[in-house]
Each structure stands twice: as C-alpha cells, then as structure tokens.
Amino acid sequence: MRSKILTAGLVLALTAALGGVASADARPGGRPKLTDPHPCPGQPGFTCSTLTVPLDHTGRLPGTLDLAVATADNADAPKGVLLFLTGGPGQGGVGAIKRIAKQRLPEVSKDYRFVMLDQRGTGPSGALKCPGLQEQMGSSDIATPTADAVRECARILGPTAPLYSTDQTVADFDQLRRALDVPKLVVDGVSYGSFTAARYALAHPANVSKVVLDSVLPHHATASASLYLTGLTAEARVLRAACAVAPACGYDPADDLAWVVRHRGTADGVRIFDLIVTYEFVDPTYRNAEAGDLIGALHEARGGASAHLDGLLEAYKSGGDDPASFSSGLHAATLCADQRFPWGSAATPEPLRQPLLSLAARTLPPSATWPYTTEVATRQGFIQSCLPWPAERPGSNPAGKLPNIPVLLLNGDRDLSTPLEWAKEEATQAPSGRLVIVPGESHSIQNRERGHAGRDAVINFLR
C-alpha cells in the first residue's frame, strides 16, 4: 500500500524534522503480526502474508505500508529462521523464495526456515513507480538518467522520499522478526542485501546470530563508492585475468578498453561501463562467443571494426524493466538518502553540488579511474541520479566495526557490480569474519554461481 503523497513544497520542512529511526509498531499496543496467510502462488511449501509497518518509524509522519512476506512452511526448523535479503536496492524478494531455498540452497533449507520479503518500495504490490527513470535506467546503477527524469521521480515521491532509506528498511526487518516471534535471526544478504544485512546487525546486534554477506557492499558509504572508483579500476584486473585463461588472448584487454573509451568519448564510455557490468551476469568469462565475446569486441573496436561492440551495446542496453521486478524509483530514493558524495550528503543544497563535484573531479589522478576517465566517473548513474535530487535529511552512515558475531563474506573474483576489493575492505570491519573468494565467478554467488564452492562455504558456515 502506498501512502498518500503530500505536496512537494513540504519536503524540506518535513525532512528537516526526521531524526534517528526508532522501532514503532504499526498496530498500537501490540506486537506486529503477519496477516492474511495463504499459499504463495506457484511456490508450494511457502506461505505468503502481509506485514504492516509504519510508513515512518520515527513516528513523525502518520501512515503505514503493507509489505509482502513469504515464509517457508517448516516453522519447526531445527536451526531457526534465516532472513534472505535481495539486492538493488529495488528488487523484491517474495517471488524468489522457492528458487533460493529449494533450488539454490536446499541443504540450508532443511535446517532453517527461509523468510523473504518485498522490502519497502519493491515488489508487485509495493513498487515505487517513476516512469522516466524506469524507462531510462531500468535496473542499472550506471546508465545516465536525465535531470528531468530524476526530478519527476522526486516530485512523485514528494516528502515520502526520505522514508525509503536503509534506516527505515532496517527497522522493518526488526518488525518482521518480532512478527515471527523469534529472538534471533540468521541474516543473509546479496549485493545491496549485504549492505542491509550488515546495517541490521549493527542496529540490532542482540537479534542476530550469524551473518552472510554475498557480493559485498561496504556498510559505511564513501564518496569514492558513489563515484564507483573501485568498480572502474577493477575492470583492468578482471579483464586481464579473463584474458590470461588458456588459450590466452595475447593482448591487454585493459589497454584496449582505455583506448576505446578515450576515442569514443564520455557518453559512450558510460555506456561501455554499463555494458561490461551488465555483461558479467551472462558471461563471467567475458570471452564466451555465444554471449558476445566482450573482450574480443573491445579488441576489434580498437582495431577499427566497431560493429561487434556496437551490437553488444545495443543488445545489453539498460532501461525499461518492469518496476515490479526492479524499481528504479526506489533505487534512486534509497541511494540518494544513504550514500555520500563528493558534495557531501543528501543535505547539501542542490546549487552547491555541481561546483563541489567539479572541484573533486579536478583532484582525481588518472590512476583513480583508469582504464576509464574522470568524466565517465562523474557522468555515471550513481552521481547523476542524486546530483539533482532535492536536498533532504540524509540516512545514517555508521562507520564502526560489525558486531563480534560470526560473519561469512563471499565474493567472486570476476565481480564488477560489487568488486572483490569491497569485500576485502568490509572483511577488515568484521572481528569474527571470514572472507571466501570464489575464483572465476561474478556477482551474486548464492543466486548464480555455476559451481558449488561458494554455496558449500555457506552450507558449512551455517552448520
């Protein structure tokens, strides 16, 4: 259920009043409950229900949201409840529970009761809908939206936009734990889900027994992350490693990429960056001819034959995804509240942002973005989605270490959406953490790993 949108003129006054998020029941005087239980359509063995949560966990703005929840029917599972969190931000979870629990992690589902939810602003019944952003970005982080599309989305959400921050989502998770009537959860998050899993552990350490962070996004946001500097520079390492696999390419794909980006200009540079990150979901070897042989296409383009690369750019272009499967509006609202940028946070007035971004860009050495350019870093979607977003009170940004509870960090060494370097960074913040690197795999090990080494690490950790 979407709340009534208030007039956009109230946004600054409202968001200035928003403070830290505290737990609050959507039902006054009682524990949260899961209502309207019924079999999940097409997913036997799972029950779908509704969790009603406060629109604003601070209690300053009235209203509620109905979140779809799916629970496995083995309520007496010997090891308790495992809350599996999807990514984006923008993806729902309910429709994936059978695939995750029964097809990808059947060994874990014997011991744990799997629970998934459509996080606020996602899923068939709750997705935020911003037509312009959806058409231009779809499920991409990197595609560059127009300022008009961003401002249209901000107008649609109005003063509710800050209520889709991770702070609010984390508070929803604890409402769900209470509705399930369990003292502790195992929390397992993939991609952005790793961010929310870590943030839940930080906010409610006594309510978490173990944490799995798969395809890791560090829980402390930095301006470097919003510029995607680690992802830009990691492409040289990943493409070179892919090219070294027998039969070796015999040339340097990172040099090819750098040459092509500089000869085709910034707009195409962003498109190529988006292509390569999208392509990893199809072909983590980056050389499979059936998927399009990305490395070969870059090499041909450097040699003057661009048709192959142009075909891939068209075949893998972003935009137009169904908001029920991925809400670009939720994606923007969450990232703009949560992230930190070269201009500071979401509270920085809009007129100051471009000058501060330009100043930061002038200080970046070429090595900070190679094989790309500074212009690509500042024109990609993380920056351009939030540059024109209205000023609002930012979400929190805790910098401390994770609680001293068992944490498994899992990352493919070919991952470019959440590069391995991020997982190594987060591992230093986990006192009881263990990092498992899965060779030859890309993003989302538990969802998409071709082998079983990463999933075996999860199974052993949860045993």
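Where is the place of Ser345? I looked this up first, in what is a predicted model. Ser345 sits in the loop between α14 (328-338) and α15 (350-363).

**Ser345, continued.** Buried or exposed, I wondered about Ser345? I read a relative accessible area of 15%, and the cut-off for buried is under 20%, so Ser345 counts as buried. Then I checked what Ser345 touches, skipping neighbours within four places in sequence: the contacts are Gln339, Arg340 and Pro394.

**Helix α14.** I went back to the helix on one side of that loop. In α14, 11 of 11 residues are buried, so I noted the helix as mostly covered.

**Strand β6.** Next I turned to β6, residues 185-190, where 6 of the 6 residues are buried. I looked at each face in turn. Leu185, Val187 and Gly189 are buried on one side, and Val186, Asp188 and Val190 are buried on the other.

Which strands does β6 bridge to? I found β4 (residues 81-85), joined to β6 by 4 bridges and running parallel, and β7 (residues 208-214), joined to β6 by 6 bridges and also parallel. I followed Val186 both ways: Val186 is the bridge partner of Leu82, and in β7 the partner of Val186 is Lys210. I also traced the path from β6 through helix α7 (residues 192-203) to β7, and these make a right-handed β-α-β unit.

**Helix α2.** In α2 (residues 97-104) I marked Ile97, Ile100, Ala101 and Arg104 as buried. Why do they line one face of the helix? Looking down the axis of α2, I see the buried residues fall within an arc of 130°, so they share one face.

**Asp268.** I found Asp268 in helix α11 (residues 266-279). Asp268 has a relative accessible area of 17%, so I put it down as buried. Its side chain makes a polar contact with the side chain of Arg271, at 3.0 Å.

**Cis peptide bonds.** I noted one between Gly88 and Pro89, with omega about -10°. Pro89 is in the loop between β4 and α2. I noted another from Ala246 to Pro247, with omega near -5°. Pro247 is in the loop between α9 (229-244) and α10 (253-264).

**Positive phi.** I wrote down two aspartates here. Asp36 has phi near 55°, a positive value in a residue other than glycine. Asp36 lies in strand β1 (residues 34-39) and is exposed, with a relative accessible area of 51%. Asp293 has phi near 50°, again positive in a residue other than glycine. I placed Asp293 in the loop between α11 and α12 (294-302), and at 22% relative accessibility I count Asp293 as partly exposed.

**Record check.** Over residues 384-463 I get 31% helix and 15% strand, with the end C-alpha atoms 44 Å apart.

Methods. Residues are numbered from 1 along each chain as its sequence is written. This is a predicted model: local features need pLDDT of at least 70, side-chain atom pairs count only at pLDDT 80 or more; totals for chains, interfaces and linings use all residues. Side-chain values use heavy atoms; hydrogens and water are left out. Buried means under 20% relative accessible area, exposed over 50%, partly exposed in between (1.4 Å probe, protein chains only). Contact means heavy atoms within 4.5 Å. Two strands pair if DSSP finds at least two bridges between them. A crossover is right-handed if, with the strands pointing away from the viewer, the path from the first strand over the helix to the second runs clockwise. A polar contact is a pair of N or O atoms within 3.5 Å; within protein, one must be able to donate a hydrogen and the other to accept it, and residues adjacent in sequence count only if both atoms are side-chain atoms. The arc is that of the directions from the helix axis to the C-beta atoms.
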